[in-house]
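Here is my note on the model you sent, as numbered points.

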Amino acid sequence: MEKDCGAWINLLSHKVKARLNVMLQDMGITAVQSRVIYYILVHCKEGPVFQRDIENAFSLSRSTTTGILQLLEKNGIIRRESVASDARLKSLVPTEHAVRLNAQVADCLREMDRMLTCGLSEGQVQLFKEMAAQMLDNLNDWDRCGAGHSSDQIHNSP
């Protein structure tokens, strides 16, 4: 039986996470943690980063995000700092350890991308990215592409 798009995406996702987990093991972090570290490092330059930002960026539940952030804090990779305007809010601040890890993580992510795209042309890679972005938009806009629409309407939507 031929795999549908969801099955292929699921298979790729599991393989990428497993491979990255092996590559990052010596650094003491997981694939998800590495992406959260990168997100915090990039976005803290623009302003405070909060737990809800991580939840939204990665489509993670509050409890899953809490667990990830607690481990990163316990391992000295981030700090939580109170915000002057609201003591209940804690901004996520990367430590020097996060900065050092990020260079190694970036190398691992580049290597993973190289493995994934080996044998593909630049055009194929670009097409994949465009198609994946459209699929994500379709899922995020379930009202337009969801229940009550025929398969043809979904595939032929602008």
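1. A word on terms first: two residues are in contact, or touch, when heavy atoms of theirs lie within 4.5 Å. The points below use the word in that sense, and they describe a predicted model.

2. Overall make-up. The protein has eight helices and two strands. Read from the N terminus, the order of elements is α-α-α-α-β-β-α-α-α-α. The protein has 158 residues, and buried ones make up 26% of them. Among contacts between residues at least 6 apart in sequence, 44% join residues at least 24 apart.

3. Helix 1 against helix 5. Helix 1 covers residues 5-24, and it packs on helix 5 at an angle of about 140°, with the axes 11 Å apart. Angles over 145 degrees would count as roughly antiparallel, and the two helices are therefore oblique to each other. Their crossing is right-handed. Helix 1 brings Leu 12, Val 16, Arg 19, Leu 20, Met 23 and Leu 24 to the contact, while helix 5 brings Val 105, Cys 108, Leu 109, Glu 111, Met 112, Met 115 and Leu 116. By class, these are eleven nonpolar, no polar and two charged residues.

4. Met 112 lies in helix 5. Is Met 112 buried or exposed? Its relative accessible area is 5%, and the limit for buried is under 20%, so Met 112 is buried. Leaving out residues up to four places away in sequence, Met 112 touches Val 16, Arg 19, Leu 20 and Met 23. For Met 23, the separation along the chain from Met 112 is 89 residues, yet the C-alpha atoms of the two are 9.2 Å apart.

5. Helix 2 against helix 5. Helix 5 also packs with helix 2 (residues 31-43), at an angle of about 120° and with the axes 10 Å apart. The range for roughly perpendicular ends at 115 degrees, so helix 2 and helix 5 are oblique to each other. This crossing is left-handed. On the helix 2 side the residues are Ser 34, Arg 35, Ile 37, Tyr 38 and Leu 41, and they meet Ala 98, Val 99, Leu 101, Asn 102, Val 105 and Leu 109 of helix 5. The residues of this contact divide into eight nonpolar, two polar and one charged.

6. Helix 2 against helix 4. The axes of helix 2 and helix 4 come within 11 Å and cross at roughly 80°. Since 65 to 115 degrees is the range for roughly perpendicular, helix 2 is roughly perpendicular to helix 4. Val 32, Gln 33, Val 36, Ile 37 and Ile 40 of helix 2 form this contact with Ile 68, Leu 69, Leu 71 and Leu 72 of helix 4. Eight of the residues are nonpolar, one is polar and none is charged.

7. Thr 65. This residue is placed in helix 4. With a relative accessible area of 1%, Thr 65 is buried. Beyond its neighbours up to four places away in sequence, Thr 65 touches Gln 51, Ile 54, Glu 55 and Leu 60.

8. Ser 59. The loop between helix 3 (51-58) and helix 4 (62-74) holds Ser 59. Ser 59 has a positive phi of about 50°, although it is not a glycine. Its relative accessibility is 67%, so Ser 59 counts as exposed.

9. Thr 95. What does the side chain of Thr 95 reach? It reaches the backbone oxygen of Gly 76 at 2.6 Å and the backbone oxygen of Ile 77 at 3.0 Å. Thr 95 is found in the loop between strand 2 (86-94) and helix 5 (96-117). Leaving aside neighbours within four places in sequence, Thr 95 is in contact with Gly 76, Ile 77, Ile 78 and Arg 79. Thr 95 is buried, with a relative accessible area of 13%.

How values were computed:
Residues numbered from 1 in each chain as written. Predicted model: local features only at pLDDT ≥ 70, side-chain atom pairs only at ≥ 80, totals over all residues. Heavy atoms only, no water. Helix = DSSP H or I, 4+ residues; strand = E, 2+ residues; numbered from the N terminus. Buried < 20%, exposed > 50% of the residue type's maximum accessible area, 1.4 Å probe, protein only. Polar contact = N/O pair within 3.5 Å; in protein donor to acceptor, adjacent residues only side chain to side chain. Axes fitted to C-alpha atoms, helices over the stretch in contact; angles between N-to-C directions. Parallel < 35°, antiparallel > 145°, perpendicular 65-115°, else oblique. Left-handed = near helix turned anticlockwise from the far one by under 90°. Nonpolar A, V, L, I, M, F, W, Y, C, P; charged D, E, K, R; others polar.
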